[in-house]
Every structure is written in structure tokens, then in C-alpha cells.
Amino acid sequence: MPKKLIQKYLPKPETIKNHKNLQFLGDRLHDPNLWHLNRRSVSMAAAVGLFVAWIPTPGQMAIAAAVAFYLRANLPISVALVWITNPLTMPPMFYFAYLAGLWFLNEPSPSEDFEFSIDSIMTGIGNTWEPFLVGCLVVGIMCSTAGYFGVNEFWRYHVMKKWTERKQR
């Protein structure tokens with residue numbers, strides 16, 4: 001795994017551990033899994049970050065940090081992965097989640113004569129919230145599962161490749 005490249009951009013653990021606003025977290029903030037780059041903590045961080053990215057609420061970074069803290073996943077990577085949903089990617093991602101929710105609930109697609117306006121959105125919000133939230137949940141679970149196992153297998157592959165190169169010398 002490209003540890004040196006990742007560590008170059010991550011904040012130093014001492015900086016965060018000594019931050020005055022985070023002292024209420026106590027010794028749990030010194031847990032090595034929150035800061036080290038190992039297969040378990042990075043895989044879990046990918047799962048946490050990718051799941052929280054699909055939660056349609058402000059404060060995704062705080063939610064990702066709290067979940068990473070609780071599950072002992074790599075804290076900076078969990079928080080960084082939440083930025084997959086940003087102002088540019090959020091509309092297509094959440095529209096996809098809405099369509100996925102329609103499919104999972106076996107509901108028909110919205111009518112083609114739909115006019116995009118504030119009035120039509122406000123009157124149609126009663127029909128769209130359920131498929132939207134179901135789609136966010138399902139896609140979030142699928143992305144976090146794929147992220148966890150994908151990072152885990154990529155890490156394993158990378159280690160096996162290094163071992164093979166080492167044996168050939």
C-alpha cells in the first residue's frame with residue numbers, strides 16, 4: 001500500500017491528540033487503529049466513509065468521525081471519503097439513489113411530464129422521500145461493502161506481490 005503517499009497528506013496524530021477541543025475524548029483518541037495504516041483500519045475506514053457519504057444530511061464528516069471512532073477505523077480516511085459527495089457529485093448520486101429506491105420498492109418511475117419547479121418539487125416530496133431514503137440506504141450498504149472488501153483484497157494483493165518480488169531476489 002502506498003503508505004508514504006497517504007501519510008504525507010494526513011495530519012499528524014500528535015496534532016489532533018493535543019487539540020484543546022478534542023481533550024474530552026480522553027485516552028480513546030490515542031488508539032493506534034485510529035491513526036495507523038493497516039489493512040483492518042483502512043478497510044473499515046473505506047466502509048465507514050462510503051456508507052456515510054450516502055447519508056443525505058449535513059454534518060457527514062462529523063458522523064463519519066464518530067462512527068470511525070466507535071469502530072476503531074482510520075479516522076482521517078473515513079472523514080476524507082465522505083467528500084465523494086460534494087456539491088458537484090451530490091445531485092447525480094442522490095438521483096441515482098432515488099432511482100434505486102424506486103426499483104427496490106417496485107414503484108413506477110415519475111411521469112415524463114414532470115416539470116422541474118419549486119411548486120412541483122414541494123407537492124411531489126411526499127411521494128419521493130421514501131424511495132430516496134431507501135435508495136440511499138441500499139446504495140450506501142452496497143458501496144460500503146464493496147469498499148471494505150475491495151480495499152481488503154487490494155491490500156492483500158499488494159502484500160502478496162511484495163512477497164513474491166522479495167522471494168525472486
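A charge sits over a ring if NZ of Lys or CZ of Arg is within 6 Å of the ring centre and within 35 degrees of the ring normal. Here, Arg166 lies over the face of Trp163, at 5.0 Å from the ring centre.

Before going on, a word on the model. It is predicted, so local features need pLDDT of at least 70 and side-chain atom pairs count only at pLDDT 80 or more, while totals for chains, interfaces and linings use all residues. Residues are numbered from 1 along each chain as its sequence is written, and side-chain values use heavy atoms, with hydrogens and water left out.

Now, the aromatic rings. Rings of Phe, Tyr and Trp (its six-membered ring) pair if their centres lie within 6.5 Å; planes under 30 degrees apart are stacked, over 60 edge-to-face, and the rest tilted. That rule gives five aromatic pairs. Tyr95 and Tyr98 have ring centres 6.4 Å apart and planes at 35°, so this pair is tilted. Both sit in helix 6 (residues 90–105), three residues apart, about one helical turn. A helix here is a DSSP run of H or I, at least four residues, numbered from the N terminus. Trp54, Phe94 and Phe132 form one aromatic cluster.

Is Tyr98 buried or exposed? Buried means under 20% relative accessible area, exposed over 50%, partly exposed in between, using a 1.4 Å probe and protein chains only. Tyr98 is buried, at 12%. Phe149, in helix 7 (residues 118–168), is partly exposed at 49%.

Lastly, cysteines. A disulfide is a pair of cysteine sulfur atoms within 2.5 Å, and the count is zero. Cys136 is buried at 4%, while Cys143 is partly exposed at 26%.

Technical notes
Helix = DSSP H or I, 4+ residues; strand = E, 2+ residues; numbered from the N terminus.
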